[in-house]
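Hi,

Here is the structure I said I would pass on.

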Amino acid sequence: MKDLNELLNETIRVIPPSGIRKFFDIADEMKDAISLGVGEPDFATPWTIREAGIYSLEQARTHYTANKGLIELRYEICRYIKDKYGVEYNEKDDVLVTVGGSEALDLMIRCVISAGDEVLIPEPSFVCYKPCAIMAGGVPVIIETKEENNFRLTPEELKAKITDKTKLLILPYPNNPTGAVMSKEDLEAIADVLRGTDILVLSDEIYGELRYGEEKHTMFSAIEDMRERTVVVNGFSKTFAMTGWRLGYAVGPKEIISAMTKMHQYCIMSAPTTSQYAAVEALKNCDDDVKSMCAEYNYRRRFIVDGFRNMGLSCFEPLGAFYAFPCIKSTGMSSEEFCMRLLNEEHVAVVPGTAFGGCGEGFIRCSYAYSIKNIQEALKRISAFVERHKNN
């Protein structure tokens with residue numbers, strides 16, 4: 001029999017694994033290692049949400065739900081979006097509940113991309129977009145965002161990459177890994193470029209509630225004329241500290257949601273029932289919990305950014321999500337070398353910026369979804385590392 005690797009799908013075989021994980025596999029074997037790498041809230045899921053999940057089990061609500069998800073949950077998703085962002089969706093036709101936001105991203109890309117279609121992806125950005133586009137037969141077209149533009153996508157950068165093969169634009173804001181955000185005016189400028197085209201938009205807004213400063217998050221589908229071409233992906237992992245519950249959703253035009261539901265039927269059937277009942281409670285009664293967690297993230301955000309600047313590393317101010325993206329070019333090391341040596345010498349795990357695209361070279365991603373105590377100790381070790389190597 002042939003080597004089993006030779007029998008694998010060629011597209012899947014050549015896609016590299018995520019650039020995030022290897023540092024944490026090493027760190028897991030270090031007793032005193034501190035990680036600032038995982039994009040996961042350190043808060044427990046609020047008790048009232050856990051209680052709703054427990055109660056659903058006690059009531060033997062353990063069967064499949066509708067493929068699109070519980071109608072109660074879809075109703076609450078639509079209500080929540082209308083109340084927060086002013087966009088109206090119909091719970092019967094315009095919403096699909098998925099296994100995490102990641103499934104929703106994959107489904108949307110696979111449902112609209114045919115072989116040879118181009119997918120515009122601003123980078124640095126979440127690691128799954130490019131592989132998902134490739135696995136769907138699409139051609140990723142990278143738009144390199146720049147620190148001097150606060151890592152925002154500019155209309156000029158977008159125009160320069162559009163061709164007659166462009167099918168989909170991915171908008172990853174608030175951004176992982178940079179923490180960059182797009183203001184309403186920024187989004188309107190992007191919309192101006194898209195008007196008059198048939199380009200669809202996948203707006204990944206999983207960090208939409210984790211926005212700092214005076215301006216609140218604007219849904220891209222709230223921009224005039226954009227609802228008809230946009231699928232918005234969101235979920236419960238980041239906002240409500242529900243990563244392990246594996247629940248997300250997509251809202252958008254019924255034609256695209258219907259196609260996504262068809263694929264979801266065959267691949268998944270339905271999202272976890274217990275998680276869906278818990279999510280109803282999250283949307284109805286947990287605004288205060290979200291505000292409390294967001295306030296703590298904001299405190300940590302200011303602490304970690306100041307910490308990097310005080311040790312001599314320039315650090316763009318993130319206004320969304322829970323990541324800092326300091327520049328380490330002054331050390332003379334590549335992102336990969338910096339992260340590996342930091343892990344080996346100081347037992348601190350962070351992620352090289354190159355895990356999120358080639359233009360992430362010279363940067364590292366550090367999550368501040370950790371306690372101040374851990375962040376403080378990590379900064380102390382990173383500072384010692386930088387000081388030791390600054391003249392090398």
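In terms of secondary structure, the protein chain contains 14 helices and 12 strands. Bear in mind that this is a predicted model.

On overall shape: a compact globule of 392 residues would have a radius of gyration near 21 Å, and the protein chain agrees because its own value is 21 Å. The C-alpha trace spans about 60 × 60 × 55 Å along the principal axes. As for the interior, 56% of the 392 residues count as buried. I also looked at contacts between residues at least 6 apart in sequence, and 75% of those join residues at least 24 apart.

Now the surface and the charges.

One residue I'd like you to look at is E123. You'll find E123 in strand β3, which runs over residues 118-123. E123 is buried, yet has no salt bridge. Which side chain of opposite charge is nearest to E123? That is K130, 5.4 Å away; a salt bridge would need a side-chain nitrogen of Lys or Arg within 4 Å of a carboxyl oxygen.

K130 also turns up among the contacts of E123, once neighbours within four places in sequence are left aside.

Cheers

How values were computed. Residues numbered from 1 in each chain as written. Predicted model: local features only at pLDDT ≥ 70, side-chain atom pairs only at ≥ 80, totals over all residues. Heavy atoms only, no water. Helix = DSSP H or I, 4+ residues; strand = E, 2+ residues; numbered from the N terminus. Rg over C-alpha atoms; globule rule 2.2 N^0.38 Å. Buried < 20%, exposed > 50% of the residue type's maximum accessible area, 1.4 Å probe, protein only. Contact = heavy atoms within 4.5 Å. Lys, Arg positive; Asp, Glu negative; His and termini not counted.
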